[in-house]
Amino acid sequence: MVLMEDHHTDTNVPSPHDSPELAGTSTCSEKTSKKKTQQRTCIATREVSDKADLLRFVCDRSGQIYFDLTHKLPGRGIYVSTKEDALKQAISKNLFAKAAKRQVRVPDDLLHQIEVQLRQSLLNLIGLSRRAGDLIISADKINKFIKSNEIECYITASCEGSDSRCEIERQIGACRVILDFSSEELSDVLGLENAVHLAMKKGGLSQKFLKQLDVLHNLSTASTKNRK
């Protein structure tokens, strides 16, 4: 599996001091810094970004291109910006083949595959948030919890103008309102009959959720209704 991958790391790392004790600490910091600042170049825009902020693709032995949502599939990665135009450019200009230095097969519905995977991942994060105790379910509980200032985002399948949604949006202030999922999708992932009003508490899971949601919105050709 031959794949070109540009490596960029932060070189502004403290040098070891004369003190042996500080030298050991600095070496550890350097390893941590390099791990956290790994960067890659988008094959379309040629912009350098943190690898975690880019879409990763891998090529199997047969030349098939796969989207790697988790950044864990074996093989050297091909990286593309999360902007929809960048991915379209990478496909139309045959940039995946140039990066892989071989003939590759890019699925005709690659963009759709990515969107489907992202939506499922987002739903899974909602389910994981519930298991972690970070999800508030039902309009009444959300209204009682708003004053705590611990809500990161409000996820609803409620119709615009409904009393419950209007009341929550009136109180929720700057929290993001997410309108991307149907009641059926939310109910299915949570094992409930009629999940309509959800809120995610602030934390690592909600930040990961919103980051992936932004990627989905950037890639989606349809207009989105979520607001900040």
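**Exercise 1.** Which residues are buried in helix 6 (residues 163-172)?

Solution. The model is predicted.
Step 1. A residue is buried when its relative accessible area is under 20%.
Step 2. In helix 6, R165, I168 and I172 are buried.
Step 3. Viewed down the axis of helix 6, its buried residues fall within an arc of 70 degrees, so they line one face of the helix.

**Exercise 2.** State what covers the buried residues of helix 6 and what its other face carries.

Solution. Step 1. The cover over the buried residues of helix 6 includes helix 5 (139-145), strand 7 (151-156) and strand 9 (197-201).
Step 1. On the face turned away from the buried side of helix 6 are the exposed residues D163 and R170.
Step 2. Just after helix 6 comes G173, with a positive phi of about 65 degrees.

**Exercise 3.** Where is H71 placed, and is H71 buried or partly exposed?

Solution. Step 1. H71 is in the loop between strand 4 (65-67) and strand 5 (78-80).
Step 1. Its relative accessible area is 27%.
Step 2. Most residues other than glycine have a negative phi. The phi of H71, however, is positive, near 60 degrees.

**Exercise 4.** Describe the backbone and exposure of N94.

Solution. Step 1. N94 is in the loop between helix 2 (84-92) and helix 3 (95-100).
Step 1. The phi of N94 is near 60 degrees, a positive value in a residue other than glycine.
Step 2. With a relative accessible area of 41%, N94 is partly exposed.

Conventions: Residues are numbered from 1 along each chain as its sequence is written. This is a predicted model: local features need pLDDT of at least 70, side-chain atom pairs count only at pLDDT 80 or more; totals for chains, interfaces and linings use all residues. Side-chain values use heavy atoms; hydrogens and water are left out. Helices (H or I, at least four residues) and strands (E, at least two) are DSSP runs, numbered from the N terminus. Buried means under 20% relative accessible area, exposed over 50%, partly exposed in between (1.4 Å probe, protein chains only). The arc is that of the directions from the helix axis to the C-beta atoms. Contact means heavy atoms within 4.5 Å.
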